[in-house]
Amino acid sequence: MSDCIFCKIAAGEIPSNTLYEDDKVKVIFDISPATLGHALVIPKEHAANVFEIQDDLLAHAHIVAKKIAAALKEATGCKGVNILQNNGEVAGQSVFHLHIHVIPRYDDDDAHIKWTPGTQDTEGLDKIAAKVKEIL
């Protein structure tokens with residue numbers, strides 16, 4: 001897409017601090033990082049979200065995310081890593097080109113990627129499960 005910033009970054013039209021690149025993805029440092037070392041795995045082929053990307057490209061991007069997470073863990077000495085991907089504005093997606101966040105985690109960081117555990121609605125879940133089974 002001609003107006004997609006991540007397409008431009010992946011194509012090298014916009015400079016970036018690149019950690020890794022192959023024929024399918026480019027990995028850059030996030031310009032608005034949650035923590036030190038926060039990186040993005042960006043597929044070179046445009047897909048707005050997980051519902052649009054081809055399965056083989058998504059699988060490749062996640063394999064790269066795992067390798068980047070391991071390298072960042074060793075390079076930064078972080079104690080953990082979040083690997084996450086948002087789909088839709090309500091889910092926190094702000095750039096509508098699928099990308100995977102690799103976020104090193106430290107004892108004293110203030111990245112708030114947690115939620116308060118709720119309680120299960122068994123009846124509601126049974127209805128959802130039945131619908132999902134019909135769809136699949």
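This is a predicted model: local features need pLDDT of at least 70, side-chain atom pairs count only at pLDDT 80 or more; totals for chains, interfaces and linings use all residues.

Colleague: How many salt bridges does the count come to?

Modeller: Side chains of opposite charge can pair when their charged atoms come close. A salt bridge is defined as a side-chain nitrogen of Lys or Arg within 4 Å of a carboxyl oxygen of Asp or Glu. By this rule the count is four. One of them joins D107 to K79, with the closest N and O atoms 2.5 Å apart. This pair links distant parts of the chain, 28 residues apart: D107 is in the loop between β5 (100-105) and α3, and K79 is in the loop between α2 (55-76) and β4 (80-84). Helices (H or I, at least four residues) and strands (E, at least two) are DSSP runs, numbered from the N terminus.

Colleague: Which salt bridge has both E123 and K127 in helix α3?

Modeller: An α-helix has 3.6 residues a turn, so residues three or four places apart point the same way. E123 and K127 are four residues apart in α3, about one turn of the helix, and their side chains form a salt bridge at 3.6 Å, N to O.

Colleague: Is helix α3 buried or in the open?

Modeller: Buried means under 20% relative accessible area, exposed over 50%, and partly exposed in between (1.4 Å probe, protein chains only). Of the 14 residues of α3, the number buried is zero, so the helix lies largely in the open. E123 and K127 are both exposed, whereas L125 is partly exposed at 40%.

Colleague: Where is N82, and what does its side chain contact?

Modeller: N82 lies in strand β4 and is buried, with a relative accessible area of 19%. A polar contact is a pair of N or O atoms within 3.5 Å; within protein, one must be able to donate a hydrogen and the other to accept it, and residues adjacent in sequence count only if both atoms are side-chain atoms. The side chain of N82 makes such a contact with the side chain of R105, at 2.6 Å. R105 counts as buried, at 15% relative accessibility, and forms a salt bridge with D109, the closest N and O atoms being 2.8 Å apart.

Key
Residues are numbered from 1 along each chain as its sequence is written. Side-chain values use heavy atoms; hydrogens and water are left out.
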